[in-house]
Each structure stands twice: as C-alpha cells, then as structure tokens.
Amino acid sequence: MSKLFLPELMLANGGVHRGAGLRVDDNGNVAEVLDAASIAARTDRTDVEVVRLAGKALLPGLANAHSHTFQRLFRGRAEGRKVGGDTFWTWREQMYRAAAFVTPESLYDVARATFLEMVASGITVVGEFHYLHNDALGKPFANPNELALQVMRAAESVGIRICLLRSAYMRAGYRKDPHAGQRRFYETREKSVANAEALQKAAGRFKNATVGLAPHSIRAVPLDAMKELAAVAGKHGMPLHIHVSEQIAENEACLAEYGETPIELFNEHGLLTRRTTLIHAIHLTGPEMDEVSAAGATICSCPTTERNLGDGIFPADVAARLGISVAFGTDSQAQIDILEDARQSEYHLRLIAQQRGMLDQIGGVEIGTRLLHCATASGYKALGVDGGDLKPGQPADFFTLDLSDMALLGMDETSLASQAVFAGSRAAVRDVAVAGRLVLADSHHAQEEEIRARYKEVQQAFLNEEAQ
Ligand SMILES: [Zn+2]
C-alpha cells in the first residue's frame with residue numbers, strides 16, 4: 001500500500017512547501033510531492049495509508065559518509081593527555097585497544113547502539129569504513145568477512161541504510177614494522193580483493209545494504225595495491241573511499257616514498273574519479289584542490305572529529321568555489337551530529353578569517369541550502385546510493401524536526417535550511433524513514449531498550465578489562 005506523509009513543512013523536490021504531502025510507493029520510493037489542493041483526493045482513498053506529521057518539518061535524510069562504529073566504545077575516554085596523549089598518533093593507541101577488544105557478538109552490539117544514535121539524530125544512510133577483519137590474534141575468521149557481516153546485520157536490525165566500505169590495510173607505513181595494534185586490520189592484497197568481492201555478493205542478503213572499497217590510506221596500502229583495488233572497484237561499480245591528508249606527517253611520508261604528495265600520486269595514476277571519495281583532505285595545496293575538482297571526486301569532511309583530534313581545518317570555501325562535492329562524516333564518533341559537522345565547516349572558517357558568511361552565495365547558493373545539500377545529497381553520492389533529495393523515483397529517506405522544539409520555534413519556509421543547519425538540535429528529531437518505512441516514530445525505536453541494555457554490558461566489559 002502506498003503511504004502519504006503529511007508534515008507541516010517539507011523540503012522536497014527542490015523547494016520548501018507548506019501543507020504539502022509526500023506520497024511514497026510500495027517500493028519505498030517517492031511517487032510524488034502533492035500540493036495542499038491535491039491532498040484531499042488522496043486521503044479519501046482506501047489504498048493509501050495516511051501518516052500525519054502535524055507540527056513537524058520533513059527534510060531529506062542526513063548522510064553519514066564516514067564512520068568507524070567501534071570507536072564509539074572509547075568516546076570521552078581519550079580526551080586528557082594522560083590517556084590520549086597530545087596528538088592524533090598517540091590517540092590511536094586507545095583506538096587500537098578498542099579494536100583489539102571487540103568480538104563478533106560485541107561488535108554487533110556496539111554497532112547497533114551507534115547506528116541507533118545515528119538514526120535518532122536524523123541519519124538515514126551510513127558509510128561504514130570497516131577495517132576490522134581478523135580475530136584478536138590476527139588470524140582470519142572461518143568466514144573472513146565475519147566482522148563486516150556483523151556490522152551489516154546491525155545496520156539491518158536498526159533499519160539504517162548502509163554502504164559497507166571494506167577497507168584494505170597492508171602495512172603500518174613506509175619503512176615501518178607491522179604494528180601489533182593493527183593485527184586485526186592486515187590482509188594480503190589477494191585476500192583483500194577476494195574478500196571484498198565475496199562481501200559484495202553477500203550484501204544482497206541484507207535490506208538496504210551495498211558494498212564499497214576502501215584502501216585505508218597511502219601509508220597503509222602501497223601504490224600498486226591501491227591501483228589494483230581501484231580497478232576492482234571500477235569493475236564492480238563500487239565507490240572508492242581513501243583517507244588522505246588528515247595529518248601533515250602522512251604527506252611527508254608519501255613524499256619520502258614516492259617523491260609526490262598523495263593527491264599528486266592519485267591523480268597521476270588515475271585514482272581520482274567521480275566514484276572516489278577522499279576522507280579529510282585537509283592539508284591540500286591549491287593545485288591539488290584543482291585536481292580533485294577536475295576529477296569530479298568527492299571530499300568527505302569530518303569537522304567534529306578533526307577538531308577533536310587536532311587535525312586541522314578543511315578549506316571548505318576553496319572546495320565550494322571549485323565546485324567540489326563535499327560530504328560529512330562522524331568518523332571517530334566523538335559526537336554523532338551531522339548538522340554540527342555542517343555548521344562547524346563554516347564556523348572554523350569564520351574563526352580564521354574573523355568574518356561571517358564564508359560559504360554564502362558561492363555560485364549564488366544560500367549558505368543553509370549549500371550545507372544541507374552537503375549533509376544529504378553529497379553524502380548519498382559519495383556512497384554511490386540514490387537519495388538525498390526527495391524527488392519522484394528517489395528513495396523516501398527522510399527525517400522530521402519538531403517545529404515546537406524551543407531550538408526551532410519560529411522556523412518557516414524561508415528560514416528552514418539555515419535554521420536547521422545553524423540551530424538544529426538532535427533533540428528535535430522526531431521521525432526517521434528509510435525507504436518509506438518509519439524506523440523512528442515520534443522519537444521511539446522499537447528495539448531501543450534492548451539495544452541500550454546490550455551496549456551498556458559491552459561498555460562495562462571494556463572498562464573492566466581496562467581496570468585489570
Ligand atoms: Zn576515518
């Protein structure tokens with residue numbers, strides 16, 4: 001049966017509508033956006049289920065284009081220098097501890113809780129950059145995709161759409177010995193390709209799941225292997241995601257090994273295409289940004305993590321002027337709030353320039369509209385998934401905001417985009433639909449109590465281990 005969603009305000013089909021309806025077909029795709037005058041004729045029909053969303057604004061679902069779910073386990077526990085050190089590199093030791101801790105069962109529980117938190121913040125699709133492959137001793141499981149499959153199961157259970165970006169990780173870095181903390185990540189080049197292809201075949205068993213390839217970074221994957229993985233992604237039409245230039249030391253190591261920066265190297269070897277997404281891409285030169293733009297590649301920026309790790313500031317204004325597609329990701333899960341990522345990408349620039357409206361009117365686009373587009377359509381594009389814009393034929397992935405929430409009181413047609421981005425609060429998210437099915441309804445998820453309870457058990461076991 002088709003469904004008709006009736007919110008007070010709706011951002012769909014290229015505009016903001018009041019009193020309009022969103023009709024969704026049996027396949028979970030948008031059938032049409034109905035104006036107020038046409039709604040009555042539909043609500044009378046018995047073959048249409050009417051879902052009233054009075055007092056709410058309906059927006060395209062947020063895309064989280066870069067996530068490592070297991071890192072949720074040590075949130076807030078590596079902020080001080082005593083535990084987390086004072087750099088990204090020392091923070092990684094805590095990350096290795098969480099990576100070593102999880103079992104297939106506990107990873108499933110952590111992933112479910114993390115995905116539930118995402119859904120509750122309006123996220124409808126996640127790009128899970130997954131690099132946990134082996135058991136705790138570094139040996140492959142009987143099914144080498146065991147852990148990736150647990151994460152996909154978790155996504156299906158929560159109801160979030162997922163693109164599992166299966167990572168390749170082959171070494172600690174140029175001229176570096178293998179690192180014990182990375183033993184769950186390592187695979188040979190041959191195994192990495194075979195396992196990714198097997199996972200893509202298995203994805204059909206899950207609802208709303210696809211697979212992409214993610215050579216971790218040029219420090220973890222040598223150039224020859226990177227090229228082979230890109231060719232495999234091309235052959236299967238999969239998105240290709242790579243961490244790049246998060247830290248200056250990574251660029252320096254690449255220069256020492258290849259005599260070029262990562263972007264120069266990727267460009268020269270055909271790794272930058274429309275299916276490529278570069279994660280972070282913070283420390284890029286002007287000519288490197290030109291190369292990313294010319295290739296039509298996406299950049300996934302993760303401001304809430306990048307500020308947490310002290311990585312640096314992504315030049316979002318330069319990217320906007322060059323027409324580069326920019327998506328957002330929650331990455332380390334320091335916070336899960338894509339709208340916060342969106343507003344920070346502007347605020348960081350304001351603090352540097354001591355000016356306002358840094359991303360406004362570039363190419364004639366209003367700032368709230370631009371940032372919301374990055375948080376939705378650009379993220380879907382980065383993951384190779386249709387959606388991010390509620391147009392006929394597109395998946396009905398959306399979320400609603402409560403217009404009576406104090407953070408949003410007074411929101412209207414003209415302020416919707418900029419108020420959602422600059423004042424939108426996770427607390428105002430009420431409903432979330434993936435493919436037209438409400439997975440969150442009036443802030444309630446059917447499995448939330450069980451998911452919470454199981455997460456708390458895993459968290460406690462993680463802390464108990466630390467205490468020993
Ligand atoms: Zn990452």
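A crossing of two helices is left-handed if the near helix is turned anticlockwise from the far one by less than a right angle, and right-handed if it is turned clockwise. The views below are taken from a predicted model.

**View 1. Helices H4 and H5 form a right-handed crossing.** Helix H4 covers residues 104–120 and helix H5 covers residues 146–158. Their axes come within 8 Å and cross at roughly 40 degrees. H4 and H5 are therefore oblique to each other. On the H4 side, the contact is made by Pro104, Leu107, Tyr108, Ala111, Arg112, Phe115, Leu116 and Val119. These residues meet Glu146, Leu147, Gln150, Val151, Arg153, Ala154, Ala155, Ser157 and Val158 in H5. By class, the residues of this contact comprise twelve nonpolar, two polar and three charged.

**View 2. Domain 1 and domain 2 are in contact.** The domain assignment of the protein gives domain 1 as 2–60 + 390–440, and domain 2 as 62–382. The C-alpha centres of domain 1 and domain 2 are 30 Å apart. Domain 1 contributes 17 residues to the contact, and domain 2 contributes 22 residues. On the side of domain 1 that touches domain 2, the elements giving two or more residues are helix H15 (416–423), strand S15 (429–434) and strand S16 (437–440). Of these, H15 gives the most, with five residues. This side of domain 1 has twelve nonpolar, two polar and three charged residues.

**View 3. Helices H14 and H15 pack in a left-handed crossing.** Helix H14 spans residues 367–382. The axes of H14 and H15 are 7 Å apart, and the packing angle is about 65 degrees. From H14, the residues Ile367, Gly368, Thr369, Leu371 and Leu372 take part in the contact. Their partners in H15 are Ala417, Ser418, Ala420 and Val421. Six of the residues in this contact are nonpolar and three are polar, with no charged residue.

**View 4. Asn29 lies in the loop between strands S3 and S4.** Strand S3 comprises residues 21–24, and strand S4 comprises residues 30–34. Asn29 and Gly393 are 364 residues apart in sequence, yet their C-alpha atoms are 5.5 Å apart in space. When its neighbours within four places in sequence are left aside, Asn29 is in contact with Val24, Gly393, Gln394, Pro395 and Ala396. Asn29 has 18 C-beta neighbours inside 10 Å and therefore counts as partly exposed.

**View 5. Ser245 has a positive phi in the loop between strand S10 and helix H8.** Strand S10 covers residues 240–244 and helix H8 covers residues 248–258. Most residues other than glycine have a negative phi. Phi of Ser245, a residue other than glycine, is near 55 degrees. Because Ser245 has 26 C-beta neighbours inside 10 Å, Ser245 counts as buried; the cut-off for a buried residue is 20 or more.

**View 6. Ala435 has a positive phi in the loop between strands S15 and S16.** For Ala435, also a residue other than glycine, phi is near 50 degrees. Ala435 has 18 C-beta neighbours inside 10 Å and so counts as partly exposed. The strands on either side of this loop, S15 and S16, are among the elements that give two or more residues to the side of domain 1 that touches domain 2.

Note on methods:
Residues are numbered from 1 along each chain as its sequence is written. This is a predicted model: local features need pLDDT of at least 70, side-chain atom pairs count only at pLDDT 80 or more; totals for chains, interfaces and linings use all residues. Axes are lines fitted to C-alpha atoms, for helices over the stretch in contact, and angles run from 0 to 180 degrees between N-to-C directions. Helices (H or I, at least four residues) and strands (E, at least two) are DSSP runs, numbered from the N terminus. Angles under 35 degrees count as roughly parallel, over 145 as roughly antiparallel, 65 to 115 as roughly perpendicular and the rest as oblique. Two residues are in contact if their C-beta atoms, placed from the backbone, lie within 7 Å. Ala, Val, Leu, Ile, Met, Phe, Trp, Tyr, Cys and Pro count as nonpolar, Asp, Glu, Lys and Arg as charged, and the others, Gly among them, as polar. Domain bounds come from an automatic or database domain assignment. A residue is buried if 20 or more other C-beta atoms lie within 10 Å of its own, exposed if 12 or fewer, and partly exposed in between; C-beta atoms are placed from the backbone.
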